[in-house]
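Okay, thanks for making time, everyone. Let me put this one up on the screen and walk you through it.

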Amino acid sequence: MNVSQAVDGYLRHLSEVRRLSSATVRAYRSDLTDLIRATGDPPLAALAIDDLREWQWQAQAAGLSKATAARRTSAVKGLFGWARDESVVDVDPTTRLISPKRGRTLPTVATSAALSAVLADASDCARGGDPVALRDHALLETLYGSGARVSEICGLDIDDVDHDRRTLRLLGKGAKERVVPYGIPAAHALDAYLVRGRPALLARGDGRAGRAVFLGVQGGRLGPRAVHALVSRTVAPVVGADALGPHALRHSAATHLLDGGADLRAVQEILGHASLGTTQVYTHVSGERLREAYRLAHPRA
């Protein structure tokens with residue numbers, strides 16, 4: 001079996017058996033397609049540790065980040081692990097392949113005061129009744145109020161919103177469902193949008209939006225790019241960034257929960273992290289904020 005054939009089988013396994021997100025599968029496909037290009041698509045069993053190290057070196061020479069290089073290594077290790085389980089290869093050369101250390105980068109976080117100002121502006125714009133303004137206000141409040149991923153919010157359907165309990169049913173990575181709360185400001189914004197904004201947007205479409213909560217200007221289900229554009233336009237300026245994605249609201253929600261005394265495991269459940277270690281990065285963010293507050297305020301800092 002050539003590398004390309006093995007890659008196709010492995011990616012089907014990731015998508016159909018392990019049910020990884022489409023974004024993860026796309027990233028692994030890109031990484032392993034580059035492996036095929038670099039090695040000339042020989043039989044998978046013919047690849048040796050030196051071939052894989054050469055591939056790693058090419059990534060380093062091209063200036064790829066440590067995180068990308070680490071993901072490439074993870075992709076090829078996963079490929080050979082699957083191939084060995086399927087008896088495609090007898091020997092796994094990736095057991096001797098060292099993954100580069102990623103290095104810790106703290107996420108971008110907006111202060112609660114800055115986000116309050118952004119949300120107040122969005123609320124003011126929504127008062128005029130424009131359906132897009134109503135949607136944008138509800139979208140920002142819901143992203144920040146729930147700490148959800150952008151894909152989870154874009155995939156939200158009407159039946160996933162429990163207005164009485166103020167909870168959302170989200171479909172996260174690996175098709176795992178979880179229920180998360182959202183606050184009173186998000187509830188008010190969401191209710192206003194669903195009553196006055198969504199019907200107007202839905203009337204612009206061809207009926208294919210189905211039960212989607214958030215709609216685009218043409219009446220279809222809202223996509224991640226439009227959400228990225230909204231957050232970059234409204235939130236990025238207040239944190240001094242040239243561009244900023246919706247994940248910044250998720251980072252901010254997690255950090256503010258911990259700053260307010262929330263239990264780390266509760267935050268893990270809200271964010272839908274499989275590992276507590278993933279959530280712990282926010283304790284470092286909170287520590288940085290604490291040190292900065294000390295430095296600015298204490299006379300002997």
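So, 14 helices and three strands here, with helices being DSSP runs of H or I of at least four residues and strands runs of E of at least two, numbered from the N terminus. Keep in mind it's a predicted model: local features need pLDDT of at least 70, side-chain atom pairs count only at pLDDT 80 or more, and totals for chains, interfaces and linings use all residues. Residues are numbered from 1 along each chain as its sequence is written, and side-chain values use heavy atoms, with hydrogens and water left out.

The C-alpha atoms fill a box of roughly 65 × 65 × 35 Å along the principal axes. Of the 301 residues, 41% are buried, meaning under 20% relative accessible area with a 1.4 Å probe, protein chains only. On contacts (heavy atoms within 4.5 Å): taking pairs at least 6 apart in sequence, 58% join residues at least 24 apart.

Now, helix H3. Where does Ile49 sit? Ile49 is in helix H3, and Ile49 counts as buried because its relative accessibility is 9%. Setting aside neighbours within four places in sequence, Ile49 touches Pro93, Arg96 and Leu97. Its C-alpha is 22 Å from that of Gly63, 14 residues apart along the chain.

Helix H3 (49-61) also comes up in the second largest pocket: helix H3 and helix H4 (66-85) each supply at least two residues of the lining.

Notes:
Buried < 20%, exposed > 50% of the residue type's maximum accessible area, 1.4 Å probe, protein only.
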